[in-house]
Amino acid sequence: MTGLVRSVRFAITTLVGPWAVFAALAFEITLMLQRDAVYLGEAMFTLRWMALAFLYLGPVIAGVAATDAARLMRPGQAELALARRRRRLTWALAWCVLPIVACHVGVFFVAVAIGGDFAPRGGWGRILLALLAQGLAIAWFGCLGSCVGRFLPPLVAGLAAAAIGFGLMLGLNSDGLGTGLFEPLVDSGASLSQIGLLFAIPALLIRISLLAVTGALLLLAPARWDGRLALPGLLGWVLGVAAFSLVVGAALLVPGDKDFVWVGANPDVCEEIGGIEFCYFHEHERGVEPWREQISHLVVSLETNGYGAVLPTRVLEWGRVANQEAVPRQVTIGSIEPGQPPDVATIASWLVYPEWCPQLLEVPSDNFMIDARLMSSSVEALMNGAEETEYFLDGSSITYPLPVEDIEAMYQRWLVCDLD
Amino acid sequence: MASSGFRAEGFVVGYGSGFRVGPITATFPVGVTCLVGANGAGKSTLFRGLAGLQKPKAGSLTWTDGQAGTVGLLPQEPSLPARARCADLLAHVAWLQGVPRSARADAVSSALEAVGLVDRAGQRIGTLSGGMRRRLAIAQAMVHSPGLLLLDEPTVGLDPKQRTGLRELIGQIGQDRVVLVSTHLLEDVRRIAQNVIVLAEGRVTFAGAAAELASRADQAADPADGFDAVVADLMETGEPA
């Protein structure tokens, strides 16, 4: 029998920690299957999407690590735990944290492989640094639990560490009270495409250093054992307070708006659909097909009914664009995600909206709002293939679609940005 | 394993400014030394000090051959993981105690052999009898071949037969190392001690050969229970009867 098999068998029969990896895996897989895996194709988005799990993952890790540490500090076990410079506490912590880190990293690379983003924008360096920060965050929650667990009974320790972990995630991340502050433990994640942004290396290095230093302080907090109880002692208190102060201090003192570098990016794949140039980001190829169909449907619907004059010439996917000029008949649609595109009404309003007009950077006039409603409702009616339908707007009777002459006249005014 | 004894010189251990044990100045030779005292006399506190789990307030411990020896400890209430297998536990403790990887398998085998549990190596700890569990706990205390083995109340909670077997085992283990047995059972002292230290309220009231106590007992009014009476008096008053 090899020593490794013996070690693994001993760990899984005596600790709770190694089993936490299954909870972590369940969390992560559940998260990764949400919203048709919208993050696929973008390594950075994938990593930030995975950060969303930490609100629950962190407290679970802290709670489990605390339970194991507390069990090892019971009389009859503490003698071993305290032997050889607390090697046993570190051992228990490692068995909790390392499988979860391996699971987290594994899930990330599997997602990247499925998404096919093998050459992420900005290179692998920033991505791997951010992944290291997330791995350290997992370890940090383990250190928190291990520290709390030394001084409390197992059940109380598990609950207390989980509560502290949850409180810190809520309080120090932008989903909670600390909105706008630097997030010292883990960035709070993203649910939108990250194209045009890069991880800022200084912020990552600060987070990595902070996690490493404060995690070590929590791990080093010594227990003074009197035979029945383990007590923190003066040094334990000093180390614990120092770790807490550093984390909270970083949240308050480090600028919170420097986590990312805005580099911008323009859609980089273009194709022609019925005379319209349609451009999108290559990372989003997986979700493009329904949009092609909608744009094609728009062209056919408008041209068949004689409304082709209001068709755009260029349709761009939304992004953090760099140096893009406002050009008449060039419109922007939303970020392309897998699954169904937005409904016809939304698409109709995007595809005829005169976004090239500078007035629309501010609140538009009431007249324009009414015209825009008439225009988009007409396009929507055409796309839906509906018969003429009568509506009432501000007490007046309106029939959609408006006559082609009215629509064309309105659009001609929009082309020269006469919106009033 | 250090085959020498060790010496405590003005050794004091205690909590804050409250209860203290010592100062103790004594030599612990190879063999079995019983540390006797009533409940609360400070035996476990002294053990924690000797095991290095608690910093001494004063004094020092030195090995008589000048080498640095290691210590093994059987806690008063050893808590062994019921679902683990015997050999796995010992391998884990050997790793904890710094036994090199290449020597670990041999260390586990030797410890199991020493406590007579070789045929139970692959058995789950929860399925062992109370006596076997106590022997396994002793094995984990000596798997790294410590020069000093501290056994805190090793016979408490065992039935008479198990107790007898364990005493024999302790006697064998004490043949080549210092074994310090904390006990409040005078029968243990009579059967296995070569040397005795008596504690009363943290003070040493006797430190010497067991034969000396036996000699005092022979001179007592009732030799039938003389040994117990002599030790009991030392435990309570610090003065022999």
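## Domains, chains and salt bridges

Between domain 1 of chain B and domain 2 of chain B, the rule finds zero salt bridges, a salt bridge being a side-chain nitrogen of Lys or Arg within 4 Å of a carboxyl oxygen of Asp or Glu. The structure is a predicted model, in which local features need pLDDT of at least 70 and side-chain atom pairs count only at pLDDT 80 or more, while totals for chains, interfaces and linings use all residues. Residues are numbered from 1 along each chain as its sequence is written, chains are lettered from A and ligands numbered from 1 in the order in which they are written, and side-chain values use heavy atoms, without hydrogens and water.

**The two domains of chain B**

In chain B, domain 1 comprises residues 1-70 + 148-160 + 177-241, and domain 2 comprises residues 76-145; such bounds come from an automatic or database domain assignment. The centres of these two domains of chain B, taken over C-alpha atoms, are 26 Å apart. Contact, meaning heavy atoms within 4.5 Å, involves 12 residues of domain 1 of chain B and nine residues of domain 2 of chain B.

On the domain 1 side that touches domain 2 of chain B, the largest share, three residues, is supplied by strand 6 (residues 148-152) of chain B. That side of domain 1 of chain B has six nonpolar, three polar and three charged residues. Here Ala, Val, Leu, Ile, Met, Phe, Trp, Tyr, Cys and Pro count as nonpolar, Asp, Glu, Lys and Arg as charged, and the others, Gly among them, as polar.

**The interface of chains A and B**

Chain B brings 26 residues to its contact with chain A, and chain A brings 22 residues. Of the area that chain B buries against chain A, 26% comes from Leu53(B), Asp88(B) and Leu96(B), more than from any other three residues. Two salt bridges are counted between chain B and chain A. Arg6(A) and Asp88(B) form a salt bridge through their side chains, at 3.3 Å from N to O. Helix 2 (residues 86-96) of chain B contributes eight residues, the largest share of the chain B side that touches chain A. Helices (H or I, at least four residues) and strands (E, at least two) are DSSP runs, numbered from the N terminus.

**The two domains of chain A**

Chain A consists of domain 1 (3-262) and domain 2 (269-415), with 46 Å between their centres, taken over C-alpha atoms. Their contact takes 15 residues from domain 1 of chain A and 11 residues from domain 2 of chain A. Arg121(A), Ile195(A) and Trp262(A) give 36% of the area that domain 1 of chain A buries against domain 2 of chain A, more than any other three residues. The count of salt bridges between these domains of chain A is two. In chain A, Arg35(A) pairs with Glu337(A) in a salt bridge, with the closest N and O atoms 2.9 Å apart.

The table sets out the buried areas. Buried area is the accessible area (1.4 Å probe) that two parts lose on being put together, summed over both.

| Parts | Area buried between them | Share on carbon and sulfur atoms |
|---|---|---|
| Domain 1 of chain B and domain 2 of chain B | about 870 Å² | 57% |
| Chain B and chain A | about 2100 Å² | 59% |
| Domain 1 of chain A and domain 2 of chain A | about 1200 Å² | 51% |

**Salt bridges and burial**

Over all chains, the structure holds 19 salt bridges. Arg413(A) and Asp371(A) form a salt bridge at 3.5 Å from N to O. Because Arg413(A) lies in helix 14 (residues 404-415) of chain A and Asp371(A) in helix 13 (residues 366-384) of chain A, the pair ties together parts that are 42 residues apart in sequence. Asp371(A) is buried, at 13% relative accessibility, whereas Arg413(A) is partly exposed, at 27%. Buried means under 20% relative accessible area, exposed over 50%, and partly exposed in between (1.4 Å probe, protein chains only).

In chain B, the side chains of Arg167(B) and Glu187(B) form a salt bridge at 3.3 Å, N to O. Arg167(B) belongs to helix 5 (residues 160-173) of chain B and Glu187(B) to helix 6 (residues 186-192) of chain B, so this pair ties together parts that are 20 residues apart in sequence. Arg167(B) is buried, with 5% relative accessibility.

Helix 1 (residues 43-51) of chain B is mostly covered, as seven of its nine residues are buried. Among them are Leu46(B), Phe47(B) and Leu50(B). Gly52(B), with a positive phi near 80 degrees, follows helix 1 of chain B.
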